[in-house]
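Biologist: Can you walk me through this one? I would like the plain version.

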Amino acid sequence: MAALLNIKGLSKSFSGLKAVQEVSFEVPAGEIVGLIGPNGAGKTTCFNLIAGVYRPDAGEIHLAGSRIDGWRPDQICRAGIGRTFQLVKPFAGLTVMENVIVGALNQVGSVRAAQGISEHLIEQLGLAGKRHAAAGSLTLPDRKRLEVARALATAPRMLLLDEVMAGLRPTETDRMVALFRDLNASLGLTILMIEHVMRAVMALSRRIIVLHHGQVIAAGAPDEVTRNPAVLECYLGEEAL
Amino acid sequence: MSGHWFDGVSPRAAKLLTLLCVALVLFPLIASDYLITVLILILYFAYVGQAWNLMMGFAGQLSLGHALYVGLGAYAAAALYVHFGVSPWIGLWAAMAIAAVAGGVIGFLALRFGVAGVYFAILTIAFAEFARLAFDHWPWVGGSAGFFLPVANYASNDLINLRGSPTMFYYLLLAMTAAAFVSCHALLRSRAGYYWLAIRESPEAAQALGVDLFRYKMYVVVLSAAMTSLGGVIFAFYYNNLFPEQVFHISRSIELILAPIIGGIGTLFGPIIGAFLLTTLAEGLGELMRLLGIDVPGVKQVFYGLCLLVVVMFLPDGVWPPLARRLKLEQQRSQGLAER
């Protein structure tokens, strides 16, 4: 299948620190791809480059054929990439419903239509009971769910998930996994996920990319990657065998 | 129709609001001239407070130079009237256009060069000061000696040229304050309203959800500037004299933001409640001082300071949010649009 997201030779330094160096990979349309690696490997920087928060020093990012590096985050959102933040950024003073409506207004012009979309998503993410609660009053797992609901509300072709499973209980993780699998199957939603919860990564990803010191050190099918000695050494640890 | 207007307002609040409106409409029938002038002051601060609140309360953009838009509106309409005999009803469009352009220039410079937060606030002060100095040295509008409109004949009300009694200005300001309230209520429930609140809460998250920060910040700055300038038009025709040292002075900008801060930033009722509280208390204090025969200059300013201190210490969200809860005026929601 054709690549929806195509990244070529992406590099970014922060005052001498090479956060991302010469990273290239593809995310085929309709696939779920995991991005893993130890802390500080450059995963979130990679996301922020794709989402337009940073401008790359070098390299190109293509979404469905059009070059999107250098675009602003809102332009990239409108182009069809939704993202969540690792450090959640809820609109704390607004209700859960209002938070999701802001996202939904990316796909529809009328607030009434956005309300309908939001209602449905809030239900899907299990936030229905808290729809009128202030987002600032939510627990961390609920805030993660809200991040996902908001990003989905923008009607993305591709979703960037930054550690949305962190802090969830195993049963909650399974529910979230089921949701993404369902969205992927029913809507053909393409997902690129940064995740430390291997239970979720292994359950969802068809392909895994491993970053270390800002470079891709392995890429391939999950069982292949998890047996890769370099990956075991730097990230998963010997006991993962 | 009314069902639509009160969308998101609890029935109890709607009832009280209707009652308040009726009382305000009937007020001049029983009130003394003095009370009317106090009410005019209250409505003026409620109106311009609402305009400032749109920018700061909804979109989180702090302006400390709103006197600029009041002054531009006042001078534009007054100059057109005095020099060319243009009715203020036409002049107000020029006033709004000029203020909107000024707001647009400031907004553009700030956004283009990434001036945000307190630095943006300083920029707004700077522009108000530029205007003060420029108008001080502009003979066409009287310079520092002041600009005067032919004094009104109170016996007859000329609505076309806004020459008339305080009662006429009272009703005008009442209509403007009501219109501002209704428009802001509608704006808050529009796409732009949601985007402004999102920008206020987290610009990064808003941008990630497709909100064009530049565009929506520009909208709110321009809208707030244009809205504020209408207050300036009324100011000019009510007082009949304009002095740059007074109109554009920073104390005017500060005075203008006190009502929404004390009433509750980001709430629709805040500017109105705040204007009522501040103005009546300040006037009451003035009366009391007169009765006691004490004459101390600056008492009003000290009083404003004390009010701010009390609100900041005990009611950080302003008077309205806790009052709304006490009166059970909000719907059963923890927080959200209904409370605003």
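This is a predicted model: local features need pLDDT of at least 70, side-chain atom pairs count only at pLDDT 80 or more; totals for chains, interfaces and linings use all residues.

Biologist: Start with chain A. How many helices and strands in its secondary structure?

Modeller: Chain A comes to nine helices and ten strands.

Biologist: What is its radius of gyration, and what does the globule rule give for 241 residues?

Modeller: The radius of gyration of chain A is 18 Å. The globule rule gives 18 Å for 241 residues, so chain A is as compact as a globular protein of that length. Its C-alpha atoms fill a box of roughly 50 × 40 × 35 Å along the principal axes.

Biologist: And what share of chain A is buried?

Modeller: Buried residues make up 48% of the 241 residues in chain A.

Biologist: What about contacts between residues 24 or more positions apart in chain A?

Modeller: They account for 64% of the chain A contacts with a separation of 6 or more.

Biologist: Now chain B. How many helices and strands there?

Modeller: Chain B has 15 helices and two strands. Its radius of gyration is 20 Å, close to the 20 Å from the globule rule for 340 residues, so chain B is as compact as a globular protein of that length.

Biologist: What box do the C-alpha atoms of chain B fill?

Modeller: Roughly 50 × 50 × 45 Å, taken along the principal axes. Of the 340 residues in chain B, 46% are buried. Take the chain B contacts between residues at least 6 apart in sequence: 75% of them join residues at least 24 apart.

Biologist: Back to chain A. How many residues of helix α1 are buried?

Modeller: Eight of the eight residues of α1(A), residues 43-50, are buried, so this helix is largely enclosed by the rest of the structure. Among them are A:K43, A:F47, A:N48 and A:I50.

Biologist: What comes just after α1(A)?

Modeller: A:G52 does, with a positive phi of about 90 degrees.

Biologist: Which residues other than glycine have a positive phi?

Modeller: A:A155 is one of them, with phi near 60 degrees. A:H213 is another, with phi near 50 degrees.

Biologist: Where is A:A155 found?

Modeller: In the loop between α5 (140-153) and β7 (158-162) of chain A. A:H213 has its place in the loop between β9 (207-212) and β10 (215-220) of chain A.

Biologist: Why does A:H213 count as partly exposed?

Modeller: A:H213 has 15 C-beta neighbours inside 10 Å. Partly exposed lies between the cut-offs: 20 or more is buried, and 12 or fewer is exposed. A:A155 is partly exposed too, with 18 other C-beta atoms within 10 Å.

Biologist: Switch to helix pairs. At what angle do α3(A) and α4(A) cross?

Modeller: Roughly 115 degrees, and their axes come within 8 Å. The crossing is right-handed.

Biologist: Which residues meet there?

Modeller: From α3(A), they include A:V96, A:M97 and A:V100. From α4(A), they include A:V111, A:A114 and A:L121. By class, this contact has ten nonpolar, two polar and no charged residues.

Biologist: Over to chain B. How do α3(B) and α7(B) lie?

Modeller: The axes of α3(B), residues 33-58, and α7(B), residues 166-188, cross at roughly 25 degrees and come within 9 Å. Angles under 35 degrees count as roughly parallel, and therefore α3(B) and α7(B) are roughly parallel to each other. The crossing is left-handed. This contact has 20 nonpolar, four polar and one charged residues.

Biologist: What about α13(B) and α14(B)?

Modeller: Their axes come within 10 Å and cross at roughly 140 degrees. The two helices are therefore oblique to each other. The crossing of α13(B) and α14(B) is right-handed. Residues of α13(B) including B:L278 and B:M289 meet residues of α14(B) including B:F303 and B:C307. The classes are seven nonpolar, one polar and one charged.

Biologist: Last topic. How many residues of chain A are in contact with chain B?

Modeller: 27 residues of chain A are in contact with 23 residues of chain B. On the chain A side, the elements that give two or more residues are α2 (73-79) and α3 (96-104). That side has 13 nonpolar, eight polar and six charged residues.

Conventions:
Residues are numbered from 1 along each chain as its sequence is written. Chains are lettered from A and ligands numbered from 1 in the order in which they are written. Two residues are in contact if their C-beta atoms, placed from the backbone, lie within 7 Å. Helices (H or I, at least four residues) and strands (E, at least two) are DSSP runs, numbered from the N terminus. Ala, Val, Leu, Ile, Met, Phe, Trp, Tyr, Cys and Pro count as nonpolar, Asp, Glu, Lys and Arg as charged, and the others, Gly among them, as polar. Axes are lines fitted to C-alpha atoms, for helices over the stretch in contact, and angles run from 0 to 180 degrees between N-to-C directions. Angles under 35 degrees count as roughly parallel, over 145 as roughly antiparallel, 65 to 115 as roughly perpendicular and the rest as oblique. A crossing is left-handed if the near helix is turned anticlockwise from the far one by less than a right angle, and right-handed if clockwise. The radius of gyration is taken over C-alpha atoms; the globule rule is 2.2 Å times the number of residues to the power 0.38.
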